[in-house]
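My entries follow in the order in which I went through them.

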Amino acid sequence: MSAVLAHDARVRVGGMCVRLTTTSTRFAGILEQRFAGFMEPGREADYTFEVEVVDPRPDAPDADVRVWREEGLWRIERGDFRAVLDPRTRRGRIRQAASPYSIDTLLRIVHTLSLADEGGFLLHAASVVRAGRAQVFTGVSGAGKTTLSRLAPPGADVLTDEISYIRREAGGYVAYGTPFAGELARPGANVRAPIEGIYLLSKGPRNRVDEVAAPAAARALLGNILFFAEDPALVRRVFAAALDAVESLPVRRLTFVPDASVWEVL
Amino acid sequence: MTRYIARSPDVAARTIGGELMIMSGRDSSLFSLNETAAALWEAADGATPLAGIVDRAICARFDVAREEALADAEALAEDLARHGILVVSEAPIPR
């Protein structure tokens, strides 16, 4: 007789709902806390995972995450988790400790795999909505994503200070709020907005915005897109998605002084 | 020794802003090729000997001595092959 699955969490990010079932009450509580504002009970699931919560491995190697396709299944592994996903049925299994960081990483990966099929991507970037339009600020760690988010003017919605969710939809590119937070350590606003432009961040002595040539923009975007899989077909899709975005959206360089005056040039 | 070169099927490539960008499907490394390197890559059909490609795609279009162009092309082909974006063979490469 199969075990009764006591908890059913549905985390909806970027319009995509991932259903996580678990018998662990503790883990269900972690999900509620980690993905507050993005839980949608009863929402139809796009992906479903059974999560088996196990004791943490004291010897878990601090290895990079690995994502690869084997006999038609996606396999996703790191020292602290192991998952398998059947892309045809969109169902899978996860084995991990009751850690918010493990499931956070897994969800990011599932979204990158799904987004690549439709020309979207997750980007190391803050994104902020003002007057109904999203501005996306991309850069490596330390470039100023969280700083810019903290300085956002009153009335602006911070979608994320760390991982921007970018989808290509019928009317153009759209940014979605995500629960994938950086130093702000709180989920973004769960709203969506068409993207006005992408800014490559750098700090400098004064605020300025400069045009960026398409090849440099493409290199910057490709360098900052979250991408895990060892799979040539997926590489081609991510490459195409990044270059399509560069050809469709304004990409500029924002050099800024880390104070609120930066928003005057945007 | 006659050499043949062919574009690897496991890459993504597109010209953007006048620059040929290539991403390796094997390790996701990204390359930007200059005009002469792009001419070589685009002519790499697996059937034309490298020397013939140099004559047709490099020497006919750029002001460069044939011996120098051929030496540069051989070095570039080896480099691109190491990164898995070009296949180099002593026999024609079936497509």
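I worked on a predicted model. I looked up its largest nonpolar core, which has 104 residues, and found that Phe121(A) and Ala242(A) touch the most other members. H5(A) gives the largest share of this core, nine residues. I then checked the domains: domain 1 (7-116) and domain 2 (121-264) of chain A both contribute residues, so the core lies between them.

Next I listed the contacts of Ala242(A), leaving aside neighbours within four places in sequence. They are Phe121(A), Ala218(A), Leu221(A), Leu222(A) and Ile225(A).

**Sheet in chain B**

I traced an open sheet of three strands in chain B, in the order S2-S3-S4 and with antiparallel pairing. S2 and S4 of chain B are the edge strands with a single partner strand each, so one side of each has no neighbour in the sheet. On average, neighbouring strands here are turned by 20° against each other, direction ignored.

For S2(B) and S3(B) I noted six bridges in the antiparallel sense. One entry on bridge partners: Ile16(B) has Glu19(B) in S3(B). I also found helix H5 (residues 232-248) of chain A packed on this sheet, where it touches S2 and S3 of chain B. The direction of H5(A) makes about 15° with that of S2(B).

**Contact between the chains**

How many residues does each chain bring to the contact? I noted 15 residues from chain A and 13 residues from chain B. On the chain B side, strands S2 (11-16), S3 (19-24) and S4 (30-33) each supply at least two residues. By type, the chain B side divides into five nonpolar, four polar and four charged residues.

Definitions and conventions: Residues are numbered from 1 along each chain as its sequence is written. Chains are lettered from A and ligands numbered from 1 in the order in which they are written. This is a predicted model: local features need pLDDT of at least 70, side-chain atom pairs count only at pLDDT 80 or more; totals for chains, interfaces and linings use all residues. Two residues are in contact if their C-beta atoms, placed from the backbone, lie within 7 Å. Helices (H or I, at least four residues) and strands (E, at least two) are DSSP runs, numbered from the N terminus. Ala, Val, Leu, Ile, Met, Phe, Trp, Tyr, Cys and Pro count as nonpolar, Asp, Glu, Lys and Arg as charged, and the others, Gly among them, as polar. Two strands pair if DSSP finds at least two bridges between them. Axes are lines fitted to C-alpha atoms, for helices over the stretch in contact, and angles run from 0 to 180 degrees between N-to-C directions. A nonpolar core is a set of buried Ala, Val, Leu, Ile, Met, Phe, Trp, Tyr and Cys residues joined through C-beta atoms within 7 Å. A residue is buried if 20 or more other C-beta atoms lie within 10 Å of its own, exposed if 12 or fewer, and partly exposed in between; C-beta atoms are placed from the backbone. Domain bounds come from an automatic or database domain assignment.
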